[in-house]
Amino acid sequence: MSNKELKKCPFCGNSCDVVSGLNQITFFYCVNEQCLAVVSFGKAQSMKLAVNKFNKRKS
């Protein structure tokens, strides 16, 4: 998964990485050591759907 496909961290604005973890849960984590926020979506979500949800921002 390319970082270019992900929006920035909703908390600090830095880059995020994405991994598929235990039980196929998708995790998005901020690479900023001062933030280190983690957002996750349950195993029922495909990676593509999870990325779409992560990138969705309330106007």
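A residue is called buried if its relative accessible area is under 20%, exposed if it is over 50%, and partly exposed in between. The views below show a predicted model.

**View 1. Phenylalanine 28 and phenylalanine 41 form an edge-to-face pair.** A search of the whole structure finds two aromatic pairs. In the pair shown here, the ring centres of phenylalanine 28 and phenylalanine 41 are 5.8 Å apart and the planes meet at 85 degrees, so the pair is edge-to-face. Phenylalanine 28 belongs to strand β2 (residues 26-30) and phenylalanine 41 to strand β3 (residues 38-41). The two residues are 13 residues apart, and their pair links distant parts of the chain. Both phenylalanine 28 and phenylalanine 41 are buried.

**View 2. Phenylalanine 28 and phenylalanine 54 form a stacked pair.** Here the ring centres lie 4.4 Å apart and the planes are at 10 degrees, so phenylalanine 28 and phenylalanine 54 are stacked. Phenylalanine 28 is in strand β2, whereas phenylalanine 54 is in helix α1 (residues 47-55), so this pair ties together parts that are 26 residues apart in sequence. The relative accessibility of phenylalanine 28 is 1%, and this residue therefore counts as buried. Phenylalanine 54 also counts as buried, because its relative accessibility is 4%.

**View 3. Phe28, Phe41 and Phe54 make up a cluster.** Ring pairs link these three residues. A charged group is found at one of the rings: the charged end of arginine 57 sits over the ring of phenylalanine 54. The distance from that charged end to the ring centre is 5.2 Å.

**View 4. Strands β1 and β2 form a hairpin.** The two strands run antiparallel and are joined by five bridges. Valine 18 stands opposite phenylalanine 28 of β2, and this phenylalanine is also the one whose ring pairs with phenylalanine 41 and with phenylalanine 54. Five residues lie between the strands of the hairpin. In this hairpin, asparagine 23 takes a positive phi near 60 degrees.

**View 5. Val19, Tyr29, Val31 and Val38 make a nonpolar surface patch.** The area of the patch is about 300 Å². One of its residues, valine 19, is found in strand β1 (residues 16-20). Valine 19 has a relative accessible area of 35%, so this residue is partly exposed.

Conventions. Residues numbered from 1 in each chain as written. Predicted model: local features only at pLDDT ≥ 70, side-chain atom pairs only at ≥ 80, totals over all residues. Heavy atoms only, no water. Patch = residues over 30% accessible without salt bridge, like charges linked within 9 Å, V, L, I, M, F, W, Y side chains within 5 Å. Areas by Shrake-Rupley, 256 points an atom, 1.4 Å probe, with all protein chains shown as cover. Salt bridge = Lys/Arg side-chain N within 4 Å of Asp/Glu carboxyl O. Helix = DSSP H or I, 4+ residues; strand = E, 2+ residues; numbered from the N terminus. Buried < 20%, exposed > 50% of the residue type's maximum accessible area, 1.4 Å probe, protein only. Phe/Tyr/Trp six-rings, centres within 6.5 Å; stacked < 30°, edge-to-face > 60°. Lys NZ or Arg CZ within 6 Å of the ring centre and 35° of its normal. Pairing = 2+ DSSP bridges.
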